[in-house]
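Please take a moment to look over the sequence and the model before reading on. The paragraphs that follow go through the chains one after the other and then turn to the place where they meet.

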Amino acid sequence: MMSTALIAIPVLGALLIAIAPLSSYWLGSLAALISLVEVGVWITAAARFDFSSSALQLDQRASWFSDLQVSWHVGQYRFSLWFVGMTVVVMAACTIYGWWVGRDRARAYFALMLLLTGAIVGVFTAQDLLLFYAFFEAMLIPLYILIGVWGGSDRMKATITLVVYTVVGSLLMLAAIIVFGLQQGTFDMTRMGTSSSQWLFLGFVVAFAIKSPLFPLHGWLPVTYRESPPEVSAVLSGIVGKAGLYGLLRIAIPFFPQPVHDWRVVILVLASISLVYGSLLAFRAPDFRGVVMYSSLAQAGLIVLGLFAGNTLGFDGAVLQIVNHALVSSLLFLIAGMVERRTGTRGEFSLLGGMARGRPALATVIMVVGVISLAVPLSTTFAGEFLILAGVFQQGWLWAVIGAAAMVLAAMYMLRAISAVLHQDVGSAVSEDALDLRVGELAIVVPLVVCLIGLSAWPNLISSRASSLAPTGFTQYAP
Amino acid sequence: MIVKPHVDWFALAPSLALLAASGLLLMVAVFVPRRGRKPTAAFLAFAGFIASGIWAAFLDDRSPNATALVHDAMWRDRWSALAQVILAGAGAVAVLLSYGERMRDEHVAEYYALLTAAGAGMAFFMQAGNLMTLFLGLEWFSIALYVLTAIDIDLVGSLEAGLKYLIVGAVGSATLLFGSALVYGVTGELSFDRIAASGHGHDAMLVVGLAMIIVGLGFKASAAPFHMWTPDAYQGAPTPVTAFMASATKIAALVVTYRVLVTTFPHDQDLWRAAIAVIAIVSLAWGNIAALVQRNVKRILAYSSVSHAGFMLIAVAAASPLGARALLYYLIPYAAMSLGAFGVVAARERELRRPVTLQNLAGFGWERPFLGVAMWVFVLGMLGFPLTGGFIGKFYVFAAAYDHGYWWLIVAGVIATMISAYYYLGIVRAMYFRDAAELQLAPAGGSPPFDPLLIAGVSIALVVTVGSFFAVQPLIDVARSAATSLPF
C-alpha cells in the first residue's frame with residue numbers, strides 16, 4: 001500500500017498542479033510541498049520497514065490483465081527502499097531548486113517534475129516486468145519535455161540524442177521482456193525463474209548500460225547533461241542513471257546467472273574502461289558540468305564493477321555507492337547551476353576562479369561535497385568504494401588495481417575543479433554581483449549535505465542492510 | 001415460386017440503424033430550412049451512430065454462438081458485433097469533429113448522410129458471410145468515402161484526393177472481385193465456410209484467388225504496398241473525413257480480413273500467414289521510413305496509419321485466439337488515437353485556415369494547453385509508450401507473434417517503433433519546443449474558434465486512449481469472447 005502511495009502522491013500532485021488555478025509562485029510552492037510530503041511518506045515507510053527481513057515489503061498486488069499474467073505488483077526490498085529514498089530526497093531538492101530559480105511556464109514545469117518523481121519511484125518499486133518497463137519508459141516523457149523546453153540553446157540536439165539512445169535501448173528490452181515473460185508464463189518478477197538465454201540477457205544489459213551510462217553507450221551523455229537545466233541534469237545523473245544500475249541488479253543479474261557468468265569479464269572490462277576513461281575525460285573537461293557528468297560515467301563504471309563482482313561485498317558496496325553518488329552528483333549539478341547563474345556563464349573554468357573570497361557558504365559547500373565525492377577516508381563514498389574494491393578483488397586483483405587507480409584520478413579531477421572555481425585568480429566572469437549562496441539555496445543544498453555526512457558516520461545503515469535479493473538469485477553469489 | 005429466406009432483422013440492426021439515419025438525413029437536406037440544417041443533420045448522424053452502437057452491443061450480448069443468416073450471406077456473431085461497437089464509437093466521434101468544419105451549407109446534410117451511409121456499409125461489411133456480400137459491403141462504404149473525400153470543393157486538393165482514391169480504390173475492388181470469381185470458379189461456392197468445406201485447398205487457381213482477395217482487402221486496410229492512395233487521400237480529404245477513414249475503414253478492413261482468411265482458407269493457412277507477415281513487414285518499413293521525411297502533419301499521420309496496419313497485420317498473421325484478441329484490443333486505442341490526432345489537426349487547421357505542417361504547429365502546445373496535451377498523448381500512444389493503450393496493444397501484438405514463433409516479426413516491429421520515435425516526437429517537438437513568434441505566421445484573425453463539440457470528441461478519444469491502458473482486463477474479456485466466434 002505504501003509503495004502505491006509513493007507512486008500515486010506525485011502523480012496525483014502533478015494532475016492537481018495541471019489544473020489548479022494558482023499563480024506561478026503558488027504552483028511552485030504547491031509542488032515543493034508535495035515533494036516534501038513525498039519525503040515524509042518515505043520516512044514513514046522506512047520507519048515501518050522490517051530490516052531484519054529480506055522479503056518483499058510494503059507490497060501490493062492486483063491483477064492487471066490475467067491472460068498473460070501481468071499485474072500491478074509493487075513493493076520494496078531492503079535495498080530498493082534506499083533507491084526510493086534517494087529518489088524522493090533528490091527530486092524534492094530539484095523541484096525546490098526549480099521553484100527557487102523561478103522557472104517560467106510553471107504549471108507544465110512542476111507537473112512534469114512531479115510526474116517524473118512518480119515514474120522513477122515506480123521503476124524502483126515495480127515487481128512486474130511489464131510494469132517496470134512502463135515506468136522505465138514513462139521516465140523519458142517528462143525528461144524529453146523538460147530538456148526540450150527549459151534546456152540550453154542546443155536543446156534540440158540534446159533531446160534527439162537522448163531519445164534515440166534510450167528508445168533503442170528500451171525497445172530491445174521490451175522485446176526481451178515479452179519473450180522472457182511468455183517463456184516464464186508470468187511477468188511477476190517475484191515468481192519468475194532464471195533463464196540462460198544470452199540474447200535476452202544482452203537485451204536487458206544494453207538497455208541498462210545506455211541508461212547508466214556505461215562505455216561505449218554513453219554517447220548521449222555530453223550534450224544532454226550540458227544542455228539540460230541544471231536540476232534536470234541533477235535528476236538525470238543522480239537518479240535516472242541509477243534506474244539502469246537498478247535494472248542490472250534487480251533483473252539482469254538475478255534472472256540470468258549463466259549469462260552473467262559468461263559475460264562477466266566483458267562487462268568488467270567495459271566498466272573499467274568507463275571508470276578510467278570517464279575519469280580522464282573529467283580531468284580534461286573545460287567546464288564544471290563536464291567534470292560532474294564524466295565523473296558520473298566513471299562512477300557508473302565503478303558501481304558496475306561492484307555489481308558484477310559476484311559477491312555480497314561488491315553488491316553491498318554498489319548499493320551504498322549508488323545512494324552516495326545520487327546525492328553527490330545531484331548536489332554537484334545543483335551547485336554548478338548556482339555558479340552558472342551567478343556568473344552568467346555556462347561554467348567554463350576559463351571564466352571562473354577565485355570565488356572562495358567573500359563567499360564562505362559557497363566555498364564550504366563546494367569543498368565539503370567535492371571532498372566527499374573524491375572518496376576521502378571517513379566519508380561514505382570511501383566506504384562504498386572500499387567495499388566495491390574489496391569485492392571485485394575476489395574476481396581478480398587487476399580489477400581492484402584499476403579501481404584504486406581511478407580513485408586517484410578522482411582526486412585529481414575533483415581538486416582541479418574545486419580550485420578552478422574557488423581558488424586561483426578571480427575569473428573574468430566573477431564580479432561583485434555574484435553573491436554568496438542565499439538562504440533558499442542553502443535550504444536546498446544543506447539537507448543533502450547532511451544526508452551525506454550522516455551516511456559517512458553510519459554507512460552501515462545501508463551497506464549492512466542491502467544485500468537481499470530474495471527470493472531469486474543473489475544468495476548464489478554469497479561466498 | 002420464390003422462396004424467401006428468413007431474415008433476422010435484429011442481427012442486421014446496426015447496419016440498418018445507420019441506413020435509416022442516412023435516409024432521414026437526405027430528407028433533412030430537402031425539407032429542413034437552411035438555418036437549422038446543420039445542427040439537425042449532425043444530431044441525426046450522431047444519434048444514428050449511437051443507436052447502431054447500442055444495437056451492436058445488444059447483439060454482442062445476445063449472440064453467444066455464431067450463426068449464419070440469410071442463406072449464409074451474413075453472420076451474426078460477437079466478432080462482428082464488437083467491431084461494430086468500435087466502429088459506431090469512431091463514427092460518433094467523427095460526427096463531433098465534423099461539426100465545426102467549414103463547409104457549404106448546401107452540402108451539410110449530404111455530408112452526414114454519406115458519413116452514416118459509409119458507417120452502414122462498414123457495419124454490413126463486417127457481417128459479410130459470402131463473397132457477394134463481402135464485395136457489396138466493400139463497394140457500399142467505399143463509394144460513400146470517395147464522395148466524402150471530394151466533398152469539400154472549396155478545399156484545394158480535395159477533388160484531386162477523391163479522384164485518386166476513386167481510381168486506386170476501384171483497382172482494389174476489382175482485384176477483390178476477380179479473386180472472388182476465381183475462388184468461386186474453383187469451388188462453386190460463395191459462402192465462406194462452404195468454400196472451406198469444399199476441400200479445394202492448395203488448388204492453384206484458389207491460391208491465386210486468395211492472393212487477389214488479400215490484395216483487395218490490403219487496399220482498404222492501406223497496407224503497403226497497396227497504400228499509394230493513403231497519403232494523398234488523407235491529406236486532401238476534409239480532416240474529419242480523414243479521421244473517420246483512418247479509424248473506421250481500418251477497423252472494417254482488418255476485422256474482415258481476419259474473418260475471411262480464417263474461415264474461408266483454413267487449408268492454405270501457411271501460405272496466407274506468410275503473405276500477411278510479409279505485407280506487415282513491408283507496411284512497417286515503408287510507413288515509418290516515408291513518414292520521416294514528411295512535413296505535413298496529415299501526411300505524417302497517414303504514413304503512421306500505414307505502419308499501424310503493419311502492426312495489426314502481425315496479429316492477423318499469428319492467426320490464433322491470442323492474435324484475434326490482440327487485433328480487437330489494438331483497434332480500440334488505435335481508433336481513438338487516430339480520431340483524436342486528426343481532431344487536433346482539424347482544430348489547428350480551423351484556426352490557421354491553411355494546411356497544418358510541423359512548422360506551423362509551433363507554440364500550439366502552449367496556446368491551447370488541452371489540445372496540446374491531448375496531441376501529446378495521442379502521438380505517444382501511436383509510438384507505443386506506456387500510459388496509453390497503444391503500449392498494451394503493441395505488447396499484445398508482439399506476444400501473439402511470439403506465441404506463434406514469429407520472433408522476427410517482433411524484431412521488425414521493434415525496429416519500426418524505433419524509427420517511428422523520430423517523427424512522432426517530432427510532432428511534440430514542433431508543438432512545445434518552438435514559440436509561435438518563431439513561426440512568423442499571422443493567425444487568421446480574432447480569437448481561435450472555440451468548438452465545444454471538437455473538444456468533446458478529442459476528450460472522448462483521450463479518455464479511451466488512456467483508459468484502455470488501465471482497463472485492459474475488461475477489454476480483453478470482451479475481445480476474448482468475440483474471438484471465440486472464429487474457427488481456430
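Predicted model: local features only at pLDDT ≥ 70, side-chain atom pairs only at ≥ 80, totals over all residues.

**A walk through the two chains**

Taken along the principal axes, the C-alpha atoms of chain B fill a box of roughly 70 × 55 × 40 Å. Of the 488 residues in chain B, 65% are buried, and among the contacts in chain B with a separation of 6 or more, 82% are between residues 24 or more positions apart.

One pair of helices in chain B shows how such elements are packed. Helix 15 of chain B, which covers residues 369–383, and helix 17 of chain B have their axes 9 Å apart and pack at an angle of about 175 degrees. Because angles over 145 degrees count as roughly antiparallel, this angle makes helix 15 of chain B roughly antiparallel to helix 17 of chain B. From helix 15 of chain B the contact takes B:Gly372, B:Met375, B:Trp376, B:Val379, B:Met382 and B:Leu383, while helix 17 of chain B brings B:Thr417, B:Ser420, B:Ala421, B:Tyr424, B:Ile427, B:Val428 and B:Met431. Sorted by class, the residues of this contact between helix 15 and helix 17 of chain B are 10 nonpolar and 3 polar, with no charged residues.

Turning to the other chain, chain A has 18 helices and 2 strands. Its radius of gyration is 21 Å, close to the 23 Å given by the globule rule for 479 residues, so chain A is as compact as a globular protein of that length. The C-alpha atoms of chain A fill a box of roughly 65 × 60 × 40 Å along the principal axes. Buried residues account for 63% of the 479 residues in chain A, and 81% of its contacts with a separation of 6 or more are between residues 24 or more positions apart.

In chain A, helix 4 (residues 106–125) and helix 5 (residues 129–138) have axes that come within 8 Å and cross at roughly 150 degrees, and these two helices of chain A are therefore roughly antiparallel to each other. The crossing of helix 4 and helix 5 of chain A is left-handed. Here A:Ala119, A:Gly122 and A:Val123 of helix 4 meet A:Phe132, A:Phe135, A:Phe136 and A:Ala138 of helix 5, a contact with 6 nonpolar residues, 1 polar residue and no charged residues.

A:Ala318 is placed in helix 13 of chain A, residues 312–343, and it counts as buried because 30 C-beta neighbours lie inside 10 Å. Leaving aside residues up to four places away in sequence, A:Ala318 touches A:Leu249, A:Ile303, A:Gly306, A:Leu307 and A:Ile388. A:Ala318 and A:Glu385 are 67 residues apart in sequence, with their C-alpha atoms 7.9 Å apart in space.

Finally, how many residues of chain B are in contact with chain A? There are 23 of them, in contact with 26 residues of chain A. Helix 16 (389–403), helix 17 (407–432) and helix 20 (472–483) of chain B each supply at least two residues of the side of chain B that touches chain A, and the largest share of that side, 9 residues, comes from helix 17 of chain B. By class, the side of chain B that touches chain A has 19 nonpolar, 2 polar and 2 charged residues.

How values were computed: Residues numbered from 1 in each chain as written. Chains lettered and ligands numbered in written order. Contact = placed C-beta atoms within 7 Å. Helix = DSSP H or I, 4+ residues; strand = E, 2+ residues; numbered from the N terminus. Nonpolar A, V, L, I, M, F, W, Y, C, P; charged D, E, K, R; others polar. Rg over C-alpha atoms; globule rule 2.2 N^0.38 Å. Buried ≥ 20, exposed ≤ 12 C-beta atoms within 10 Å, placed from the backbone. Axes fitted to C-alpha atoms, helices over the stretch in contact; angles between N-to-C directions. Parallel < 35°, antiparallel > 145°, perpendicular 65-115°, else oblique. Left-handed = near helix turned anticlockwise from the far one by under 90°.
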